[in-house]
Amino acid sequence: MTLARILAVLLAGVVGTAVVMTRDIVHQALVFGLFGLVLALVFLLYQAPDAALAQVVVSGLVVPLLIFVTLAELRGRSE
């Protein structure tokens with residue numbers, strides 16, 4: 001296991017813990033997007049570029065965007 005792989009896995013653990021520890025939902029969505037990008041890096045380092053691309057699209061972009069749209073819709077309804 002190379003040093004880059006070890007650091008990427010440790011970084012994924014740290015960012016994953018940050019997702020759980022974040023209380024504000026907007027910040028949590030942002031950190032979750034970052035977590036998805038770090039996981040994509042881990043997949044890329046483990047020679048899985050197709051999984052990395054899917055991870056970037058789904059966890060790095062789509063899920064945080066859906067959370068932001070949902071929050072905006074809920075705030076619009078409450079006003």
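## Gln-55 in helix 3

Gln-55 sits in helix 3, residues 49-78. Helices here are DSSP runs (H or I, at least four residues), numbered from the N terminus. The model is predicted: local features need pLDDT of at least 70, side-chain atom pairs count only at pLDDT 80 or more, and totals for chains, interfaces and linings use all residues. Residues are numbered from 1 along each chain as its sequence is written, and side-chain values use heavy atoms, with hydrogens and water left out.

Gln-55 counts as buried because its relative accessibility is 17%. Buried means under 20% relative accessible area, exposed over 50%, and partly exposed in between (1.4 Å probe, protein chains only). Residues up to four places away in sequence aside, Gln-55 touches Gly-36, Leu-39, Ala-40, Phe-43 and Gly-60. Contact means heavy atoms within 4.5 Å.

Ala-54 is also found in helix 3. At 40% relative accessibility, Ala-54 is partly exposed. Ala-54 and Ala-40 are 14 residues apart in sequence; their C-alpha atoms are 8.1 Å apart in space.

## Helix 2 and its cover

Helix 2 has 21 residues and should span 30 Å at 1.5 Å a residue; its end C-alpha atoms are 30 Å apart, which agrees. The expected span is 1.5 Å times one less than the number of residues. Just after helix 2, Gln-47 takes a positive phi of about 60°.

The buried residues of helix 2 are Ala-29, Val-31, Gly-33, Phe-35, Gly-36, Val-38, Ala-40 and Val-42. Their cover includes helix 1 and helix 3.

## The nonpolar core

Which residues form the largest nonpolar core? It has 8: Ala-8, Ala-12, Val-15, Val-19, Val-31, Phe-35, Val-38 and Val-42. Helix 1 and helix 2 (25-45) are the elements that give two or more residues to this core. A nonpolar core is a set of buried Ala, Val, Leu, Ile, Met, Phe, Trp, Tyr and Cys residues joined through side-chain atoms within 4.5 Å.

Val-38 is in contact with Ala-8, Leu-11, Ala-12 and Val-15, leaving aside neighbours within four places in sequence.

## A nonpolar surface patch

Met-1, Leu-3, Ile-6, Leu-7, Val-9, Leu-10 and Tyr-46 form a nonpolar patch on the surface. Together they have about 710 Å² of accessible area, by the Shrake-Rupley method with a 1.4 Å probe. Patch residues have over 30% relative accessible area and no salt bridge; nonpolar side chains are joined within 5 Å. A salt bridge puts a side-chain nitrogen of Lys or Arg within 4 Å of a carboxyl oxygen of Asp or Glu.

Leu-3 lies in helix 1, residues 3-21. With a relative accessible area of 61%, Leu-3 is exposed.

Definitions and conventions:
Patches are made of residues with over 30% relative accessible area and no salt bridge: like charges are joined within 9 Å, nonpolar side chains (Val, Leu, Ile, Met, Phe, Trp, Tyr) within 5 Å.
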